[in-house]
Amino acid sequence: MTLQQEIVGNAMQMAVVSLQPGQTVYCEAGKFLFKTTNVTMETRLTGPSSGGQAQGGQQGGAGGMGGMLRQAMGTAMQVGQRVLAGESIAFQYFTSQGGEGTVGFAGVLPGEMRALELDGTRAWFAEKDAFVAAESTVDFGIAFQGGKTGMKGGEGFVLEKFTGRGTVIIAGAGNFIDLNPAEFGGRIEVDTGCVVAFEEGIQYGVQRVGGLNRQGMMNAVFGGEGLSLATLEGNGRVILQSLTIESLANALKKAQGGDKQGPTGGLFSSNAG
C-alpha cells in the first residue's frame, strides 16, 4: 500500500500523510506535529525491523523465555546503536482506525523535505537527524563509517540507513539540489555538512583539502571548509542541502552576542560578547 503524502510549505516544510484504515507510519520522536482523532499513537523503543514491530510487543510470548530474552537483547542493541549515533531513543507509531486518518510531520530546521520511494533493490543513506517518518514496511538502521573516513567526515561518521519497500520522508536545511556524480565525470566534492542523502552504490569518502602547504593551510583556516571535503562517486542519486548546521549555528551565535556593527559599518564593529 503506497503512502499518500503531500509536502507543503516553503521555508519550513511539513509532510501531511493520509493513512488508509490499518495503515501504519512511524517517525522519530520529536518530528510529530498533529493527527486526526481516529489515528492511534504508540511510542516504542524498537524500530520496524525488530521482532515486535507490528504487534507492539504481542509476540513477546513466542518462544517462551528464550524468545523474550532474544527480543530484549535485540531491543537493547537497537537502542544502544541509536544512543551512540546521537539519535532519538524511541519511535512513535501512528495507525489509522475506522477510516482514513491524517498525520503531520516536520523536521527540526528551516529547509526542505523529500519523500523517497524504496523498491527493495537499493538502500538509501542519509545524514544524522535527516529521518522524519516512514511506512512500517521501511526499515531504519544505523550505518557507521569506519576509521579515517568517519573521524574526518564530521556528520558523515554516522549515517541513517533505510531498506525495504515503501516511502521514507527526510528533511534538511535550506534548499535541496539533486545530482548524479556520473553526470559530472563520476565524482563530486562537497562540504561535509552539505550531504543530505544518497543511494546505495554511491561511494562516500573524505579527502584533505589541498596539500600540507601554504595554500592548503589558507584553504583550511580561511576558506571555511576545514581540512576535509566529502567525495561522492558512482552512478546514483545524491541530495545536497544549501545550508549546513554548522553555518546556521555560527550565524545564530553571531546574532546572539556577537559582532555588533558601529555606525560606519563592519570595519569599526565592536564585539560586545
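A nonpolar core is a set of buried Ala, Val, Leu, Ile, Met, Phe, Trp, Tyr and Cys residues joined through side-chain atoms within 4.5 Å; buried means under 20% relative accessible area, exposed over 50% and partly exposed in between, with a 1.4 Å probe and protein chains only. The model is predicted, with local features needing pLDDT of at least 70 and side-chain atom pairs pLDDT 80 or more, while totals for chains, interfaces and linings use all residues. Residues are numbered from 1 along each chain as its sequence is written, and side-chain values use heavy atoms, without hydrogens or water.

Select Tyr26, Phe131, Phe162, Val168 and Ile170: these have the most contacts inside the largest nonpolar core, which has 21 residues. Next, colour strand 12 (158-171), which gives the most to this core, four residues. Strands are DSSP runs of E, at least two residues, numbered from the N terminus.

Now show the aromatic rings. Rings of Phe, Tyr and Trp (its six-membered ring) pair if their centres lie within 6.5 Å; planes under 30 degrees apart are stacked, over 60 edge-to-face and the rest tilted. The whole structure holds 12 aromatic pairs. Go to Tyr26 and Phe131, a tilted pair at 5.6 Å centre to centre and 40° between planes. Tyr26 is in strand 3 (residues 24-28) and Phe131 in strand 10, so the pair ties together parts 105 residues apart in sequence. Tyr26 is buried at 0% relative accessibility, and Phe131 is buried with a relative accessible area of 0%.

Move to Phe125 and Phe198, with centres 5.7 Å apart and planes at 25°, so this pair is stacked. Phe125 lies in strand 9 and Phe198 in strand 15, 73 residues apart. Both are buried.

Finally, select Tyr26, Phe91, Tyr93, Phe131, Phe140 and Phe162, which form one aromatic cluster.
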